[in-house]
Amino acid sequence: MKSNQHPQHFTKDNAPDEWFTWRNKNIKEQELVARPSLSYWKDAWRRLKKNFLAMSGLVFLILLVLMAIFGPIFSPYDANTQVLSEQYQPPSAEHWFGTDGAGRDVFTRTWHGARISLFVGFMAALIDVTIGIIWGGISGYKGGRTDNVMMRIIEILYGIPYLLVVILLLVVMGPSLMTIIIALTVTGWVGMARIVRGQVMQIKNYEYVLASKSFGTKTPRIIRKGLLPNTMGPIIVQMTLTVPSAIFAEAFLSFIGLGISSPNASWGVMANDSLGAILSGNWWTLFFPAFFISFTMFAFNVLGDGLQDALDPKLRK
Amino acid sequence: MLKYILKKLLVMVLTLWIIITLTFVLMVSVPGSPFNSEGNSNEIVQQNLEKHYNLDKPLHVQYLLYLKSVATLDFGPSIKQPNQTVNDLLGRGFPISAELGFITIIVAVISGIILGILAALRHNGIIDYMAMGIAVLGISIPNFILATLLIQNLAVNWEIFPVATWKSPMHMVLPVFALATGPMAIIARLTRSTMLEVLTQDYIKMARAKGLTPWKIIVKHALRNALMPVITIMGTLLAGIMTGSFVIEQIFAIPGMGKYFVESINHRDFPVIMGTTVFYSAFLIVMLFLVDIAYGILDPRIKVTKKEGE
Amino acid sequence: MEKILEVNDLHVTFTTYGGTVQAVRGVDFHLNKGETLAIVGESGCGKSVTSNAIMGLIPNPPGKIIGGRILFKGKDLTRLHEKKMRSIRGVDISMIFQDPMTALNPTLTIGTQLMEGLKQHRKVSDKEAKKRALEMMDLVGIPNPEERLKQYPHQFSGGMRQRIVIAIALICEPELLIADEPTTALDVTIQAQILELFEKIQNVTGVSIILITHDLGVVAKIADRIAVMYAGKIIETGTKREIFYTPQHPYTKGLLNSVPRLDAKGKLKPIDGTPPDLFSPPKGCPFTARCPMAMEVCNKIYPASSDLSDSHSVNCWLQDERAKQLLATMVTN
């Protein structure tokens, strides 16, 4: 047996005599190398930053939100003024994204559309999360009979075809910004509630929750302080998937004649209006709304994937 | 197992009842009578409607009679197309929609599973990145945009495929492609992630320790377990394909049920909307039920946990 | 005695997010035919990695055998092609995993999982395979084997599942059986039964066993020889008697002191501290920081092996003459 991997080439026989003294206890403490411990969120952020695709998605979405807010301000055109002499102008220095069949500036309309599509998406996600957290939190935390009843309700709602109900509601209420958001969230929160419940069920039996329970901490406080922070990961991931699916649903509804039409058009309505135009060669009227719908969904999807990887404690090492 | 089926059956019936009731309540609550809308001045139609929906009777009687007619699969007359019942439209449109949906789901499942497995086996390799790139794009591009792009390029510009309608296999390529891409992408991602998880399980390590060939390990030990979650989302995928077909049928002028449904929405043809919604919901719910049963048969653990549990 | 397995200077690394982990850092040991060698150590000391390396089951990437030899009946397994290795796995060398709850595929019957190894490696008819499977079920002590073959893992208790796992490992009559913590996941009463089963199997089949464990109680029951592993190295080996009655390494002594015993008086003494970080292992003895007898030299040079008998050897500076003088002066003071 040899130990020639040591640079000194010292062996048992030529170790210097002066090293044969007891070690000072203080040295021990100096050698304790503590690995920097990162907090959950810092660690997740560190991992997310390494994910190029997810970060690109995040940057795109931030830019998109900024443009939705400020874009129309920079444009000299009004989104809804029809200039019949300027019908179907291809993209140019004057009209960056061209004009549509009514001579309206597509650039300006795109950012107006972004406002509506993003508003629908974020509002739907926000309402889903709120209802989902309350329902899932109570159901998972209370357990037993309450949970049983609440879960049966979810199971039944889950079986109802989502878009059919949305269509039905919109046919009756008539399509508008408010009614679309309401229709999308009527059964949309069910998925979120399931996730929250699963998380809560898992965590509520952890020691720290049992401990605070034994101190007599009140239920709402336990849910707020003990459970929610630890369920945030999956909730955030689910949110990044809810927003694009709401945007998609809104665009889909526009296609079957249930879109928001006035005063400003959403991306879905813009795309639907341009379906005929593209066959006559005016591709830009469809391209820009279609591109932004697709790219927004893409950005949310890659961001969601990245967050899932970054927040999954199983992968932590 | 029997108890498991019965429980699922009960949930199914309850869900159906809620949908039927919901359609009824919504229709009754439409401002004015949905069956009196201004565009509708045809005497015969009006009489048919009143007869079918028993508009002269009190509300609760209307409801019960409505339940009865739905239970006997009689969805009543159409407003906009006189002399046509909803059943006529369903009889004409549904077989075509079913054909489109069936081909789509077969294509989506096969290609999605293959893509997902390839990606998982070459985890973090080029194939993985490419497959997942395709999958994310497939999820991100809405099917109506994809359909338009396909028509514009493959049908109009290059004239490889016919632009529209549903006549020959060549006619089917573009609509199926447009409709199958989304579900395929979802299946591919799900297969990949469950496959990756399954491959780290102890029983896979055990199979390797037995000296089995990689092929046997994947097919016999990994695949079956990895495909379980795919079965659970089949119901959701079917719903997606079905609603997707509303748009695709309209874009490709396919005379399926989806096309009639969208037309009925645009014309506010309420009996058709109600009938189609109920019919499609029932169809989907039965499918979901069958998926649940299939899952119970494929996963041996369910039988016993349901027998012992509760 | 004939050596069935010889591991020389084995090095295994894993490349991870945070850097390269040197999981196994020059491990030497051998196994004689028909004996049971226990490899003992804390979790993370590299004992499971060593056993996976013998099986050729180090996942690459991230893992890699970067040096050393594993001689099984004279053949170096580290140089074998995967296809060749596959004909050895399950046939000549088998493995038992820690958790019987996860080691069996939940969607396949016990019979399928029991017979598939046999069918893979030997040309047997279904009937012969079944006959052999029934024999194995009988050997590991499962009642109603005929009926049990058709059942699924969830219909078995933990102890029964571990018996099945053992039957699967033995069905091709291997010469070497590696058992990675085979009793850790089981109840104490079941543990004893499984250990008895190991003894029975060894008597019946003459298989050589490597037992990976952190539990000295298990070792005391069935091991012939013991190798103590710490931070990716084997620091002391000897017969069971030598390790239990005349342990030399302070770590081995610490391990023995931290196990409850009926015959010994006094309190249990845990070993203070934690094992070193194997991302950047110390160049001296890895136990230095936790060692009650550490000297300056320990931190600087890794001690060579000293033989105390034909079977007993230890890597520790306390074996050095100068250390013995130091000890002597301390006692006189």
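## Confidence in chain B

pLDDT is the predictor's confidence in each residue, on a scale from 0 to 100. The structure described here is a predicted model. For chain B the mean pLDDT is 81, and 89% of the residues reach 70 or more. Within chain B, helix H4 (residues 86–121) has the highest confidence, at a mean of 90, while helix H13 (residues 300–308) of chain B has the lowest, at 49.

Over residues 304–310 of chain B, pLDDT stays under 50. The model has five contacts beyond four places in sequence for this stretch of chain B. Where pLDDT is low, the predicted coordinates should not be read in detail.

## Fold of chain B

Chain B contains 13 helices and zero strands. Of its 310 residues, 44% count as buried. Among the contacts in chain B with a separation of 6 or more, 72% are between residues 24 or more positions apart.

## Contact between chains A and B

Chain A contributes 31 residues to this contact and chain B contributes 35 residues. On the side of chain A, the elements that give two or more residues are helix H5 (144–159), helix H6 (162–173), helix H10 (219–255), helix H12 (275–279) and helix H13 (283–311) of chain A. The largest share, eight residues, comes from H13(A).

By class, the side of chain A that touches chain B is made up of 26 nonpolar, four polar and one charged residues.

## Contact between chains B and C

Here 18 residues of chain B are in contact with 25 residues of chain C. Two or more residues on the side of chain B come from each of helix H8 (202–209), helix H9 (214–232) and H13 of chain B. H8(B) gives the most, with six residues. The classes on this side of chain B are six nonpolar, five polar and seven charged residues.

H13(B), one of the contributing elements, is also the helix of chain B with the lowest confidence.

## Sheet of chain C

Chain C has an open sheet of four strands in the order E2-E1-E4-E5, with antiparallel pairing. Its edge strands are strand E2 (19–32) and strand E5 (75–76) of chain C, each of which pairs on one side only. Strand E4 (residues 63–72) of chain C pairs with E5(C) in the antiparallel sense over two bridges. C:Lys75 in E5(C) stands opposite C:Phe72.

Helix H1 (residues 47–55) of chain C packs on this sheet and touches strand E1 (3–16), E2 and E4 of chain C. The direction of H1(C) makes about 70 degrees with that of E2(C).

Definitions and conventions:
Residues numbered from 1 in each chain as written. Chains lettered and ligands numbered in written order. Predicted model: local features only at pLDDT ≥ 70, side-chain atom pairs only at ≥ 80, totals over all residues. Contact = placed C-beta atoms within 7 Å. Nonpolar A, V, L, I, M, F, W, Y, C, P; charged D, E, K, R; others polar. Buried ≥ 20, exposed ≤ 12 C-beta atoms within 10 Å, placed from the backbone. Pairing = 2+ DSSP bridges. Axes fitted to C-alpha atoms, helices over the stretch in contact; angles between N-to-C directions.
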